[in-house]
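Dear colleague,

Here is the structure I said I would pass on. My notes follow below it.

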Amino acid sequence: MVPASSLWQETRTFFPIFLDLVDVRQLKSVCVVGASDGKFVLPLARRGVHVLAVERNKTALDGGPVVLPGPTEATMRGLRQRLADEGLSGQVEIVEADILDLPDELDAVDAVWTSCSWHYSINHRRPLADFITAMKHLCRPHGGLFGAEYMMPVAPRHLACEHYPEEGEMRRFFPDWEIDWEAYTPPFREAPHVEQLHEHTHRMGLLIATHLQEGCNAD
Ligand SMILES: C[S@@+](CC[C@H](N)C(=O)[O-])C[C@H]1O[C@@H](n2cnc3c(N)ncnc32)[C@H](O)[C@@H]1O
């Protein structure tokens with residue numbers, strides 16, 4: 001079995017709010033951190049945006065075996081193949097790397113987006129601030145847009161981990177940015193999906209912020 005859509009297609013997301021701002025502000029370049037097999041990369045590329053796709057998982061990029069709920073063994077198509085299928089490869093620069101070890105020479109983009117990536121245990125070796133700073137560095141200084149949806153604590157082990165921020169905690173990372181959106185879901189039941197093969201509970205937060213011009217305050 002080779003699913004044609006992203007393996008993450010059915011998981012909930014605030015992404016339409018971010019995409020709306022990309023459209024309204026006519027942003028031309030967006031970095032997706034934790035791009036996986038393209039749930040967010042493809043909609044951006046289809047509307048002509050140049051996308052920088054950062055992903056550390058080789059299978060997500062090149063395709064290969066995965067286990068889906070059932071459990072069912074399947075073959076993942078991978079981001080490169082999904083882009084090629086739609087003739088969008090030229091629109092997307094793929095960087096196979098960890099956001100925490102990115103090469104310095106990457107050009108800044110108009111906007112940066114991530115979805116439920118920094119809570120992965122591989123990122124717990126470094127402070128959450130390092131992940132967020134790496135994303136901010138990719139974002140152009142004046143008017144650059146930062147968007148992140150992230151897992152919030154729903155289990156006791158999450159409360160001891162700063163990579164599951166509570167309500168309002170994200171603001172401390174954005175003292176010189178204008179906050180465009182903050183939103184929080186209540187805890188919700190999510191159907192089984194890749195990497196989480198049983199029904200489970202999530203809670204998600206959203207923060208979207210704009211890098212202010214120098215000397216320009218939000219008030
Ligand atoms: C929840 S998955 C979902 C992908 C995407 N949110 C979607 O719905 O298509 C998060 C992705 O972030 C990637 N990721 C996590 N930490 C990363 C890091 N430090 N650098 C690059 N990618 C990372 C994972 O490999 C995974 O593919």
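Two strands are taken to pair if DSSP finds at least two bridges between them; strands are DSSP runs of E of at least two residues, helices runs of H or I of at least four, both numbered from the N terminus. This is a predicted model, in which local features need pLDDT of at least 70 and side-chain atom pairs count only at pLDDT 80 or more, while totals for chains, interfaces and linings use all residues. Residues are numbered from 1 along each chain as its sequence is written.

Strand β1 (residues 29-33) pairs with β6 (residues 111-115) in the parallel sense over 4 bridges, and Val32 stands opposite Trp113 in β6. β1 also pairs with β2 (residues 50-55), again parallel, over 5 bridges; here Cys31 stands opposite Leu52. Of the 5 residues of β1, 4 are buried (20 or more other C-beta atoms within 10 Å of their own, C-beta atoms being placed from the backbone), so the strand is largely enclosed by the rest of the structure.

The open sheet has 7 strands in the order β5-β2-β1-β6-β7-β11-β8, with mixed pairing. Its edge strands are β5 (92-96) and β8 (177-184), each pairing on one side only. β8 runs antiparallel to β11 (residues 204-211), with 7 bridges between them, and Ala183 stands opposite Leu206 in β11.

Regards

Terms used: A residue is buried if 20 or more other C-beta atoms lie within 10 Å of its own, exposed if 12 or fewer, and partly exposed in between; C-beta atoms are placed from the backbone.
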